[in-house]
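Visitor: I'd like to learn how to read a model like this one. Could you walk me through it?

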Amino acid sequence: MLIAGNWKMFKGPAEAEAFAVELRGRLEGVSGVDVAVCPPYTSLAAVVQALDRSEIAVYAQNVHWAGDGAYTGEVSPAMLLELGVAGSIVGHSERRQLFGETDETTAQRAAAALAAGLRVIACVGETESEREAGETEAVVRRQTEAIRDAVGTHDGLTLAYEPVWAIGTGKTATPAMAQDAHATIRSVLDVPILYGGSVKADNAAELCGQPDVDGALVGGASLFVDSFASICETAARIS
Ligand code: 13P
């Protein structure tokens, strides 16, 4: 079971470092769960240092496919590896919705990052209108197939099912909805699959307890040591 905290565009280096030190202390002695935090780029170095020789992994929130080149604003897999970063999220719905990320670019990012030796959490999930139109299965299938076709199963690959309507809204997929989507994803690509979308300390056990749910990608609740640590402890207890 993996619990990953996606900090999005929150926590500059000083705040991130203080958080990491506190989280490290709080999770000492918690075993049976893998934990990762995903700070913004400018906070990665501080968090890698603060978590040096701890069990908590540090992931970026995005990564480019090229080794280097004229790609203003992008960061390569090698640059992240040089910092001591273990992996990266790719294809988050905020990237897809706000910054033009597509199935194709998500797959390219995933393939290049894995080939370079990073771990990857690749995100899929339907919008509210897609769910209302009965397209959930087709959408997550299409998104997952794009990743599968570029990567196949790979030891370093994890998927995250994040229904867009459940992100930052307090609306969570029911455990049954999450299980259905995860089973669809698994039928296309058999790798660990996290659930994301308004995961909190009080719903983590039920969601992570579903047979095809292998952990959580946590946004808002990962910004506070208490709530994030308590989700990690819950996952450790039920795994
Ligand atoms: P929230 O947990 O804030 O809904 O965000 C989920 C998410 O987007 C994690 O990547």
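Guide: Let's start with an idea we need: a nonpolar core is a set of buried Ala, Val, Leu, Ile, Met, Phe, Trp, Tyr and Cys residues joined through side-chain atoms within 4.5 Å. Buried means under 20% relative accessible area, exposed over 50% and partly exposed in between, with a 1.4 Å probe and protein chains only. One caution: this is a predicted model, where local features need pLDDT of at least 70 and side-chain atom pairs count only at pLDDT 80 or more, while totals for chains, interfaces and linings use all residues. Residues are numbered from 1 along each chain as its sequence is written, and side-chain values use heavy atoms, with hydrogens and water left out.

Visitor: How many residues does the largest nonpolar core have?

Guide: That core has 63 residues, and among those with the most contacts inside it are Ile-3, Leu-157 and Tyr-195. Its largest share, seven residues, comes from helix α10 (residues 225-238); helices here are DSSP runs of H or I with at least four residues, strands are E runs of at least two, and numbering goes from the N terminus. There's also a second, separate core of eleven residues, including Leu-2 and Cys-123.

Visitor: What does Tyr-195 touch?

Guide: Contact means heavy atoms within 4.5 Å. Leaving out residues up to four places away in sequence, Tyr-195 touches several residues, including Tyr-161, His-182 and Leu-217.

Visitor: Which residues are around the ligand?

Guide: Being near means having a heavy atom within 4 Å. Among the residues around the ligand are Lys-8, His-92, Glu-162, Ala-166, Ser-198 and Leu-217. The shell divides into three nonpolar, seven polar and two charged residues; Ala, Val, Leu, Ile, Met, Phe, Trp, Tyr, Cys and Pro count as nonpolar, Asp, Glu, Lys and Arg as charged, and the others, Gly among them, as polar.

Visitor: Where is an N or O atom of Glu-162 that lies 2.9 Å from a ligand oxygen?

Guide: It's in the Glu-162 side chain. For His-92, a polar side-chain atom lies 2.8 Å from a ligand oxygen, while Ser-198 brings a backbone N or O atom to 2.7 Å from one. The protein covers 97% of the 310 Å² of accessible area the ligand has on its own, by the Shrake-Rupley method with a 1.4 Å probe.

Visitor: What about phi?

Guide: Most residues other than glycine have a negative phi. Ser-198, though not a glycine, has a positive phi of about 55°. Ser-198 sits in the loop between β7 (193-196) and α9 (204-208), and counts as buried at 11% relative accessibility.

How values were computed: A polar contact is a pair of N or O atoms within 3.5 Å; within protein, one must be able to donate a hydrogen and the other to accept it, and residues adjacent in sequence count only if both atoms are side-chain atoms.
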